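Hi,

Here's the structure I promised to pass on.

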Amino acid sequence: MIKSLINFFRPALAIDLGTSTTLIYVRGKGVVLREPSVIALDANTRKVVAVGWEAKSMLGKVHEGIIVKRPIRDGVINNLEFVQHMLYEFKKRSIKNLLSNPTILIAVPSGANDVERKASVDAAKSIGASQVYLIEEPVASAIGIGLDVFSPKGYLIVDIGGGTSEIALVSLGGVVYKHPIKTAGDEMDEAIADYIRKNFNILIDEHYAEKIKIEIGDVYGENKMEMLIQGWDIYQRKPKEVLITSDHIREALNGVINEIANAIRKVVENSSASLVQDVLDEGIYLTGGGSTVRGLDKRLEEEIGIKFIRANNPYESVITGAGKVLEEIENGNSKYYKLLLYTQKPR
């Protein structure tokens with residue numbers, strides 16, 4: 001009885017620890033935090049200077065006394081120390097009782113190896129987790145989209161995040177076939193910055209490139225937009241302004257789109273005929289922050305020949321699905337335990 005009461009009042013968190021963004025879901029409250037996965041530390045004392053949006057604004061602008069890092073690379077933990085500090089600060093913003101030992105469920109990339117999964121578990125334990133669960137991102141994403149992952153039906157999920165694109169066929173509560181690639185939103189920004197440097201001799205950073213992508217990006221060509229940009233001319237060695245159009249951005253992103261399309265083809269080609277038939281009948285579900293570029297669904301549909309369905313909540317499909325699984329587990333629904341990759345018993 002006492003143990004049941006403790007579990008009832010113990011906080012429970014679901015975490016989507018992404019390359020670009022970290023999201024936290026609190027049981028009974030929903031998504032309470034969405035911040036950039038960036039942290040700034042004092043180089044000498046290792047004390048936290050800033051996290052999230054404030055830390056992101058410091059990227060590329062700090063002196064040697066401050067270290068600013070994006071500690072998640074390609075969807076997995078690249079620097080455990082920095083992630084531990086970052087998660088602790090995010091935990092403080094998400095729950096009031098910092099002395100509690102929460103249950104934590106973390107969504108991890110389908111391609112994460114044992115070492116990378118262990119790093120996620122260690123990160124959760126470092127902020128006081130009493131119990132840790134892991135779930136594969138494509139499964140969480142499918143649940144967040146609203147699909148019945150327990151059914152004997154194949155759902156092809158294309159989740160384009162910041163550092164990785166998770167392309168996976170989900171059926172009967174698990175990933176049947178997957179082909180994650182390290183080509184996603186960040187590579188789109190890099191491709192735009194590289195295109196502008198090569199074609200207009202202007203240096204811009206990836207944050208400016210991301211702004212350009214959001215404002216005038218269209219990879220299908222339905223919308224004709226333009227934007228006046230400014231930067232440093234690397235040859236004339238002075239400021240320069242140039243008018244770029246959505247056609248330029250479409251050309252810049254051709255290589256990235258082709259890589260994503262080829263990865264989707266690989267998943268389809270390596271799946272059983274019955275699962276492929278499900279995909280042909282159902283379509284392909286497109287989600288993730290990187291999927292929000294205008295015309296991407298139509299462009300991929302044209303490339304692949306299968307209809308694409310945009311998720312209603314592309315930025316939050318993973319965390320919404322992870323949150324639902326967390327709620328069901330905390331409510332004692334044993335069916336949802338089958339979706340987990342890892343379970344650490346409570347203390």
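First, the housekeeping. This is a predicted model, so please keep in mind that local features need pLDDT of at least 70 and side-chain atom pairs count only at pLDDT 80 or more, while totals for chains, interfaces and linings use all residues. Residues are numbered from 1 along each chain as its sequence is written, and side-chain values use heavy atoms, with hydrogens and water left out.

Six of its six residues are buried, so E9 is largely enclosed by the rest of the structure (buried means under 20% relative accessible area, exposed over 50%, partly exposed in between, with a 1.4 Å probe and protein chains only). In a regular strand, side chains alternate between the two faces of the sheet. Here Thr103, Leu105 and Ala107 point one way, Ile104, Ile106 and Val108 the other, and all are buried.

Strands count as paired if DSSP finds at least two bridges between them. Ala14 sits opposite Leu105 of E9, and Ile104 has Val132 in E10 as its bridge partner.

Next, helix H5 (residues 137-145). Eight of its nine residues are buried, so H5 too is largely enclosed by the rest of the structure. Just after H5, Gly146 takes a positive phi of about 110 degrees.

On to the cores (sets of buried Ala, Val, Leu, Ile, Met, Phe, Trp, Tyr and Cys residues joined through side-chain atoms within 4.5 Å). The largest nonpolar core has 46 residues, and Ile196 and Ile244 are among those with the most contacts inside it. Helix H9 (residues 254-269) gives the largest share of this core, eight residues. A second, separate core of 28 residues includes Ile24, Leu41, Val132 and Leu134.

Finally, Asp297 in helix H11 (residues 296-304). Asp297 counts as buried, at 15% relative accessibility. Neighbours within four places in sequence aside, Asp297 is in contact (heavy atoms within 4.5 Å) with Leu286, Phe308 and Arg310.

Cheers

Notes:
Helices (H or I, at least four residues) and strands (E, at least two) are DSSP runs, numbered from the N terminus.
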